[in-house]
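Dear colleague,

Please find below the structure for your review. My notes on what was found follow it.

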Amino acid sequence: MNNSLLSHPHLNSQQKQGVTHIKIENALASCELSLYGAHILSFKPKHDLRERIYMSPAAIMDGTKAIRGGIPICWPWFGPHQAPNAAYPQHGYVRTQTWHMVAVSDNKKGTQISLQPASTKGEGFEGHAELTLQITVGKSLTIKLITENKGETAFSYNAALHSYFTVSHIDNVQLAGLQGDYLDKVDNGIQKTTPVPYRFAQEVDRIQLTPSPEVVINDSQLDNSQQTQVLSQGHDSLVIWNPWAEKSAALADMPDNGYLSFCCVETAVTQGHVVEAGNQHVLQQIIC
Ligand code: TA6
């Protein structure tokens, strides 16, 4: 990494358990990320000082396992690979790579940093891609995952910005903005109609097939003006996940009752997006 980037006045770097963490702080917000996976761990806008991101207190942070909580980057596939093979990890292979910063700058929206993984090549993906995560830390957090085809033939990929959002208690949560049908991953992938109201009372693992541009995580403990908004672009689906009690207890890197404190609203490409040679595709999530 170009170390002079770290001397930017709004950046601070720290080693934690052998992994570099970057803190970005400006007049508008603070944000922390681990270079392991370019994994965002925290985002707090200064206008309300409210943490938006859930991090599992039991997450493994030493770079030996994907981080539980925060915003994992799933690429170039989402979930299990289509061709079951132990060599193809769930959610792709960039969330377990060390990334490096390639640019940092300030603009009127905030501080922008760009990161790239050590490599975009891996078993299970034939494309010749360049991958860049561009994060703008301002009043809101803008995350752009830019996939550029540097090869001579088209490729198809899937991806997700797998954001874990902190909530006061899962019983207090109601999602707004989702519509159409979803594939129910806890019921053999059966296609079902989106419920109204959208609440959590059991394990939820759904691929919402209508790419709504805005989802609001309504938490009854917050005023209407304070609710977390999730704005998405470039996606073909939104994935909604909460593991509920049994799965939460089965996850070694999550407390047994961890499921009570978060829900995932993921901006995703799950149906395969074709990127022609020389073109790029941007998957974007904005957290307000
Ligand atoms: O996005 C939902 C999901 O694909 C679930 O099926 C669930 O397993 C979750 O991601 C977490 O995956 P991970 O590999 O991080 O344990």
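Strand 6 and strand 7 form a hairpin, with 2 residues between them. Strands here are DSSP runs (E, at least two residues; helices are H or I, at least four), numbered from the N terminus. Please note that this is a predicted model, in which local features need pLDDT of at least 70 and side-chain atom pairs count only at pLDDT 80 or more, while totals for chains, interfaces and linings use all residues. Residues are numbered from 1 along each chain as its sequence is written, and side-chain values use heavy atoms, with hydrogens and water left out.

**The sheet**

Strand 8 and strand 9 pair in the antiparallel sense over 9 bridges, and a hairpin of 3 residues joins them. Of the 9 residues in strand 8 (residues 129-137), 8 are buried, where buried means under 20% relative accessible area, exposed means over 50%, and partly exposed lies in between (1.4 Å probe, protein chains only).

Strand 9 (residues 141-149) continues the pattern with strand 20 (residues 280-287), to which it pairs in the antiparallel sense over 8 bridges. In that pair, Glu 148 stands opposite Gln 280 in strand 20.

These strands belong to an open sheet of 8 strands with antiparallel pairing, in the order 6-7-8-9-20-17-16-12. Strand 6 and strand 12 (173-176) stand at the edges with a single partner strand each, so one side of each is left without a neighbour in the sheet. From one strand to the next, the twist averages 15°, an angle between N-to-C directions on a scale from 0 to 180 degrees, with axes fitted to C-alpha atoms.

**The ligand site**

Which residues are around the ligand? They are Arg 68, Phe 78, Gln 90, His 91, Arg 95, His 162, Lys 185, Asp 205, Val 239, Trp 241 and Glu 266, each with a heavy atom within 4 Å of the ligand. By class, this shell divides into 3 nonpolar, 3 polar and 5 charged residues.

Oxygen atoms of the ligand lie 3.0 Å from a polar side-chain atom of Arg 68, 3.1 Å from one of Gln 90, and 2.8 Å from an N or O atom in the side chain of Glu 266. The protein covers 84% of the 390 Å² of accessible area that the ligand has on its own, as computed by the Shrake-Rupley method with a 1.4 Å probe.

Arg 68 is found in the loop between strand 4 and strand 5 (73-74). Is this residue buried or exposed? Arg 68 is buried, because its relative accessible area is 14%. Its side chain makes polar contacts (N or O atoms within 3.5 Å, one able to donate a hydrogen and the other to accept it) with the side chain of Tyr 164 at 3.0 Å and with that of Asp 253, also at 3.0 Å.

Yours sincerely

How values were computed. Two strands pair if DSSP finds at least two bridges between them. Ala, Val, Leu, Ile, Met, Phe, Trp, Tyr, Cys and Pro count as nonpolar, Asp, Glu, Lys and Arg as charged, and the others, Gly among them, as polar.
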